[in-house]
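Student: I would like to learn how to read side-chain features in a model. Can we go through them one by one?

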There are 4 protein chains.
Amino acid sequence: MDNHETEQRKSEHLDIVLHQKVTSHQITNGLERYRFRHEALPEINFSHIDIGTKFLNKTLLAPFAVSSMTGGTDSALYINQNLALAAQERGWAMGLGSVRAALEHPEVAETFRIRKYAPDILLFANLGAVQLNYGYGVDECKQIIDLTEADALILHLNSLQEVFQPEGNTNFQHLFSRIEALCSALDVPVGVKEVGWGIHGELATRLYSIGVAFIDVAGAGGTSWSQVEKYRSPDNQIRHAAEAFTEWGIPTSDCIIDVRKHAPHQHLIASGGINTGVEGAKSLALGADLVGIGRSLLHNASSASTPDTLISQLKRIEWELKVAMFGIGCKDIPSLKGTNRIALIHP
Amino acid sequence: MDNHETEQRKSEHLDIVLHQKVTSHQITNGLERYRFRHEALPEINFSHIDIGTKFLNKTLLAPFAVSSMTGGTDSALYINQNLALAAQERGWAMGLGSVRAALEHPEVAETFRIRKYAPDILLFANLGAVQLNYGYGVDECKQIIDLTEADALILHLNSLQEVFQPEGNTNFQHLFSRIEALCSALDVPVGVKEVGWGIHGELATRLYSIGVAFIDVAGAGGTSWSQVEKYRSPDNQIRHAAEAFTEWGIPTSDCIIDVRKHAPHQHLIASGGINTGVEGAKSLALGADLVGIGRSLLHNASSASTPDTLISQLKRIEWELKVAMFGIGCKDIPSLKGTNRIALIHP
Amino acid sequence: MDNHETEQRKSEHLDIVLHQKVTSHQITNGLERYRFRHEALPEINFSHIDIGTKFLNKTLLAPFAVSSMTGGTDSALYINQNLALAAQERGWAMGLGSVRAALEHPEVAETFRIRKYAPDILLFANLGAVQLNYGYGVDECKQIIDLTEADALILHLNSLQEVFQPEGNTNFQHLFSRIEALCSALDVPVGVKEVGWGIHGELATRLYSIGVAFIDVAGAGGTSWSQVEKYRSPDNQIRHAAEAFTEWGIPTSDCIIDVRKHAPHQHLIASGGINTGVEGAKSLALGADLVGIGRSLLHNASSASTPDTLISQLKRIEWELKVAMFGIGCKDIPSLKGTNRIALIHP
Amino acid sequence: MDNHETEQRKSEHLDIVLHQKVTSHQITNGLERYRFRHEALPEINFSHIDIGTKFLNKTLLAPFAVSSMTGGTDSALYINQNLALAAQERGWAMGLGSVRAALEHPEVAETFRIRKYAPDILLFANLGAVQLNYGYGVDECKQIIDLTEADALILHLNSLQEVFQPEGNTNFQHLFSRIEALCSALDVPVGVKEVGWGIHGELATRLYSIGVAFIDVAGAGGTSWSQVEKYRSPDNQIRHAAEAFTEWGIPTSDCIIDVRKHAPHQHLIASGGINTGVEGAKSLALGADLVGIGRSLLHNASSASTPDTLISQLKRIEWELKVAMFGIGCKDIPSLKGTNRIALIHP
Ligand SMILES: Cc1cc2nc3c(=O)[nH]c(=O)nc-3n(C[C@H](O)[C@H](O)[C@H](O)COP(=O)(O)O)c2cc1C
Ligand SMILES: Cc1cc2nc3c(=O)[nH]c(=O)nc-3n(C[C@H](O)[C@H](O)[C@H](O)COP(=O)(O)O)c2cc1C
Ligand SMILES: Cc1cc2nc3c(=O)[nH]c(=O)nc-3n(C[C@H](O)[C@H](O)[C@H](O)COP(=O)(O)O)c2cc1C
Ligand SMILES: Cc1cc2nc3c(=O)[nH]c(=O)nc-3n(C[C@H](O)[C@H](O)[C@H](O)COP(=O)(O)O)c2cc1C
């Protein structure tokens, strides 16, 4: 695939995600079906609430991560820079978009070199797991880690996205063994995520068992990639087919609960359609360790050359989390994660 | 009944179905209440997915059938030709509309002679079961098979449609014994279908037990014949009455599950309001062997003199089926039919 | 109360019911939550379907009754005449509106003398049960029967309607004993009905036990009398209060099921928001012996000086009932009443 | 905080509550999910229905209270006067808005001196419980009681409101022990209420156990304070955050049932989104002793200089309660509270 083509596709993705309706018609992340039981007398001082946490032995000031999104295009340069500066400022984790572009087209590698803007954050590099069937192995992954100075590598599972892309890589055979081999060969932890259709409990269990250090469910209810490809496709039948998949996927809340039921003690990131600190609080209360946010940060990340409005947004999300914690009387993340003050709304 | 009258009625039907809202207000095929559990790591190669199947000992390239629709009118000629050419091209099964017209008016028989366009397909001839009470017997059915060169005969049950038609044949007595006699006298297999109100498990069991080779549930949620007759009727009270029946019938998904529960190993076709390959995949996962599609093919079948756009539609439906199978990691139809990755959506 | 006032009120009622929205915002008769299980092979001849029945030892050609509605005003004269002629023609039962007006104002008695138009029908006279606390007793009821030549007397329970009427009679004490006395003193059977808020099983049981011959549930989901009074009231606060009661009452379907559970063998009429023969069929399948229809007949009853359009409407309702019976393979009313082919729709 | 600022805030609150949509988008008080089972033959005389009750040993002519709302601003003067005159006229209880303003700014104390207009009513003074952490103690509370001549003091719990206010007091530590101390030191009973997010059963139990005499649940479904602050905030991020909390809180009906289950015999006020006597009747039937109404009285309380329209509204609410009681055959409040004629609507 030539560089121009990849760049083109990635710019189109950004454009569509920023300006079109890319969410499902009916399916939601399911968090609206859960409600916190308000604690009218919280017995804590709001100013004592501490949302700091640890993930993969690194300290975070807030239990949030910027989801893997971009890199490899012109606009990616300052989007990633803004995201990195904001993550550093607020102490969030951050994921880079797929670093494959950097290896195939060294001239765009710069867009992934954001460690200088964010020396202290937990930083995730990113690669499509399916690339392990298309020429990528331990060496390439090491290059990716070196280039990005990341703390960990996330492999994303995006089967349906690959199918919907004309240029997609759609051989998903033998990936378990390749992931297993990679996990034992790399020095950094390897995580696995979806891109918006979700990971269920059994798959998570199997991935943890082969050495995967953490899972990001990336469930349904947020950005829907069949929708995104619908806007891109020149083929009328593909556009039509995309419609048939708008309601596909496992809602984020179902994923969290299912994975947590199967693997009570493993590292777990919740993401997929999460926009507010209240949704973040629900995800943590349902079992997640960290909360990933993607598309809803893009607007502020791309609209200015400084990270200021983006930082405000991060602060707002943190503040919402704190207020939710105050509302149920939890003064720190462990207590939020152990709460029983969340329940399904009666139908 | 004179020829002009029948032709007139059948043209009106086509016209109404193509240009009016002929579906229920509330009732759906129920498939939207089922969701596949996404398998983020499918472990298969998309290009290996095989949707071929067998039905009545004939090989199909895809588990789809064009539902019985037309014949006996001018436009039927090229609609049936298009459907036959497309079915041949894509390896689908195909049903003809009721062949009664051809026997009563030999001059329209040509519209049913489509075997020449589709030498290899599984082809179903069609007759209203109630005609067995109105002068049709083994001989007439043999003529129908001879004329159409069909592999099997489908008898349709359409009690309410007959009632709503001014000229309807509404004596449905003694049909079990007549169908039984026909099954043992004919050389080809005999199937039974509804026309949009569905067949439940007990009835299916009884039909299988008297020699019926396969059932097509033709459930509620798609074309509603009371709605169609509403547009045709000159009688204000009949139009009003039709409204009272818009929500009548057993949703397609309920039929599939019920028939499959009663008859785990018999041949079963799902149809009624199915428009996409995702709905087809759900029907197969819920227990069907083949998926029938009617009205949603009519537009492309009737809008051009070549089958090209119709063939594109068939390919799109097949592709949607394949993508759905990829999404849950099933590489062939037996594995899709055996999957447990489908569940009712929590309400 | 002077005559002018009563007449005025009754004309206003008719006017409002004919021209305003007088149904609840949310509450329905609940019959839409039940669905017949379609029987694709009914094994009967549509033309053999017999909807005749018996009620109170009188033969009816159809299991329907015109609900008690009018009398005592100018327009009542020809409305009641139309209803009587139509009921006679189609063999329905019929209820008169409250005959109290005739006793208090002999000059309007003529509007209740409709036996001459309907010599053969089952005819119900009507009186507010609460009048037994306001000077009415056995003698007055005998006069009512004599005047109307009715086969039975229905006492209506309309507590909330009386409260919403400025001139209402709102002492409902001691009515059980007065009804009991009346039942044993009158030569004709006495029934009890509501006017749109429903009668539940325990009350029905108690009424049957004191000699009441039949119950008409007159449940919620159709005409709502708080709504009707809302349009009439000059008092802003009463209009406001009426809004608070739009969702009051027991839905018709709940009443039928509850009364039938408590009293499996007693005479039971279903009414309240029933407009079609399909709803009638559901009511009978759920346990009713007869189906009452009120408001939806008024338009045709009042819009012309001949009963022709009204008769067409009655025929249409009967036809819908027959089609529904055909759709589930029931050839007569006893078989419809014994059917198990009706079920709550899964939510 | 200077006087001008507090006054300003309180005027803004009134203004917003009167002229903006301040309720949640989805969450309701939940009472619409409960339906009374209509009693067609109530066996009582409407004119005998008695809605008088006792609360804290004081006689009320109706089981209603004006919820704590205002004081300390110009408009509060005649709003409180209207509310007091109306409460006196109709025999309702009444709560004052937080009396803190009167202690900090003696010049506004007059707005809380309404005992002269309502010599006989059960009158509640009001203070934010959190003020016990900000310099308020037994002495200040005694001053509040003296100044207002109130029968009891209500402490309100408003954690989220304090957080959303820029000037909020957000240290909610140690309040149990301070409330306990206050309860034993004061001569008047002390109650606790929320301000629109609800109090659940366990918290109520704990509060009763430390000497709190009564609870007002003030549940979700009515005025939402995050919504109110949304309109006030100059900070874009706070406005955004407010949206994330529109669906926060425990619906009023859930609170009533939960508190009553935990504390069957304690004094309990239901409030939060209650606007009609029918909702009041449901609250009492579900377990409340008294029903509080806030925002929906404000319009009439503030729109005229005489209490006449407000009194009409109170009468209308009482009349709705009576009609509801008539509709289920309850002739007094104890019988309404003991009724089993209320049930969840089938979904
Ligand atoms: C513009 C865009 C680009 C993305 N690129 C990647 C990617 O390269 N690698 C990846 O793992 N996920 C990628 N994702 C998926 C996100 O990481 C995330 O899982 C998904 O968008 C769902 O989260 P959201 O609803 O918060 O957006 C991308 C998402 C967006 C919106
Ligand atoms: C125009 C038209 C004509 C039809 N004619 C027949 C027919 O002759 N025989 C038959 O068995 N079914 C007939 N059907 C019913 C279809 O086979 C099918 O059962 C029904 O339309 C429901 O499927 P759908 O929702 O995919 O259209 C007809 C349907 C249509 C739309
Ligand atoms: C205009 C009008 C007048 C009525 N008058 C009476 C009456 O006098 N006596 C009575 O028992 N019911 C009376 N009803 C109530 C009806 O008999 C019936 O119970 C109610 O309207 C519910 O049925 P529906 O929804 O089919 O209208 C009246 C109804 C209407 C619409
Ligand atoms: C304008 C306004 C001012 C209020 N001020 C107070 C207050 O000072 N103290 C208090 O306990 N509650 C206060 N409340 C809350 C009410 O007492 C009540 O709990 C809440 O509004 C929910 O009831 P509603 O939905 O009937 O309005 C106030 C409410 C409103 C609308």
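This is a predicted model: local features need pLDDT of at least 70, side-chain atom pairs count only at pLDDT 80 or more; totals for chains, interfaces and linings use all residues.

Student: Start with charges and rings. Over which ring does the charged end of Lys230(C) sit?
Tutor: The charged end of Lys230(C) sits over the ring of Tyr231(C). The distance to the ring centre is 5.1 Å. A second case is in chain A. There, the charged end of Arg206(A) sits over the ring of Phe176(A), 3.6 Å from its centre.

Student: Next, ring against ring. How is a pair of aromatic rings described?
Tutor: Two values describe a pair of aromatic rings: the distance of the centres and the angle of the planes. Over all chains, the structure holds 36 aromatic pairs. One of them is formed by Phe172(B) and Phe326(C). Their centres are 5.7 Å apart, with 80 degrees between the planes. That pair is edge-to-face.

Student: Where do Phe172(B) and Phe326(C) lie?
Tutor: Phe172(B) is in the loop between α5 (159–164) and α6 (175–185) of chain B. Phe326(C) is in helix α13 (residues 308–327) of chain C, so the pair joins two chains.

Student: Are Phe172(B) and Phe326(C) buried or exposed?
Tutor: Both Phe172(B) and Phe326(C) are buried.

Student: Now chain D. Why is the pair of Phe46(D) and Phe326(D) called edge-to-face?
Tutor: Look at the angle. The planes of Phe46(D) and Phe326(D) stand at 70 degrees, so the pair is edge-to-face. The cut-off for that class is over 60 degrees. The ring centres of Phe46(D) and Phe326(D) are 5.3 Å apart.

Student: Which parts of chain D does the pair tie together?
Tutor: Phe46(D) lies in the loop between β1 (34–36) and β2 (53–55). Phe326(D) lies in helix α13 (residues 308–328). The pair therefore ties together parts that are 280 residues apart in sequence.

Student: Why do Phe46(D) and Phe326(D) count as buried?
Tutor: Use the cut-off: buried means under 20% relative accessible area. Phe46(D) counts as buried because its relative accessibility is 13%. Phe326(D) is buried, with a relative accessible area of 0%.

Student: Which residues form one aromatic cluster?
Tutor: Phe36(A), Trp319(A), Phe164(D), Phe245(D) and Trp248(D) form one aromatic cluster. Read the chain letters here: A and D.

Student: What about chains A and C, or chains B and D?
Tutor: Chain A and chain C do not touch, and their nearest C-alpha atoms are 11 Å apart. Chain B and chain D do not touch either; there, the nearest C-alpha atoms are 11 Å apart.

Student: On to annotated positions. What does UniProt list for Glu162(A)?
Tutor: Take a record as a label, then look at the surroundings. UniProt, in an unreviewed entry, lists Glu162(A) for "binding site". Glu162(A) lies in helix α5 (residues 159–164) of chain A. At 8% relative accessibility, Glu162(A) counts as buried. The side chain of Glu162(A) makes a polar contact with the side chain of Asn158(A), at 3.0 Å. Leaving out residues up to four places away in sequence, Glu162(A) touches Val130(A), Gly168(A), Asn169(A), Thr170(A) and Phe172(A).

Student: Where does Asn158(C) lie, in chain C?
Tutor: Asn158(C) is in the loop between β7 (152–156) and α5 (159–164). Asn158(C) counts as buried because its relative accessibility is 2%. The side chain of Asn158(C) makes a polar contact with the side chain of Gln161(C), at 3.0 Å. Apart from neighbours within four places in sequence, Asn158(C) is in contact with Phe172(C) and Val195(C).

Student: Last, the ligands. How many residues surround ligand 1?
Tutor: Ligand 1 is surrounded by 20 residues. The closest are Ser68(A), Lys193(A), Thr223(A), Gly273(A) and Arg295(A). An oxygen atom of ligand 1 is 2.8 Å from an N or O atom in the side chain of Thr223(A). For the side chain of Asn126(A), the corresponding distance is 2.9 Å. With Arg295(A), a polar backbone atom is 2.9 Å from an oxygen atom of ligand 1.

Student: Which residues come nearest to ligand 2?
Tutor: Of the 20 residues around ligand 2, Ser68(B), Lys193(B), Thr223(B), Gly273(B) and Arg295(B) come nearest. A polar backbone atom of Gly273(B) is 2.7 Å from an oxygen atom of ligand 2. An N or O atom in the side chain of His156(B) is 3.2 Å from an oxygen atom of ligand 2.

Terms used: Residues are numbered from 1 along each chain as its sequence is written. Chains are lettered from A and ligands numbered from 1 in the order in which they are written. Side-chain values use heavy atoms; hydrogens and water are left out. UniProt positions are given in the numbering used here, feature names are shortened, and annotations may be inferred rather than shown by experiment. Helices (H or I, at least four residues) and strands (E, at least two) are DSSP runs, numbered from the N terminus. Buried means under 20% relative accessible area, exposed over 50%, partly exposed in between (1.4 Å probe, protein chains only). Contact means heavy atoms within 4.5 Å. A polar contact is a pair of N or O atoms within 3.5 Å; within protein, one must be able to donate a hydrogen and the other to accept it, and residues adjacent in sequence count only if both atoms are side-chain atoms. Rings of Phe, Tyr and Trp (its six-membered ring) pair if their centres lie within 6.5 Å; planes under 30 degrees apart count as stacked, over 60 as edge-to-face and the rest as tilted. A charge sits over a ring if NZ of Lys or CZ of Arg is within 6 Å of the ring centre and within 35 degrees of the ring normal. A residue is near a molecule or strand if one of its heavy atoms lies within 4 Å of it.
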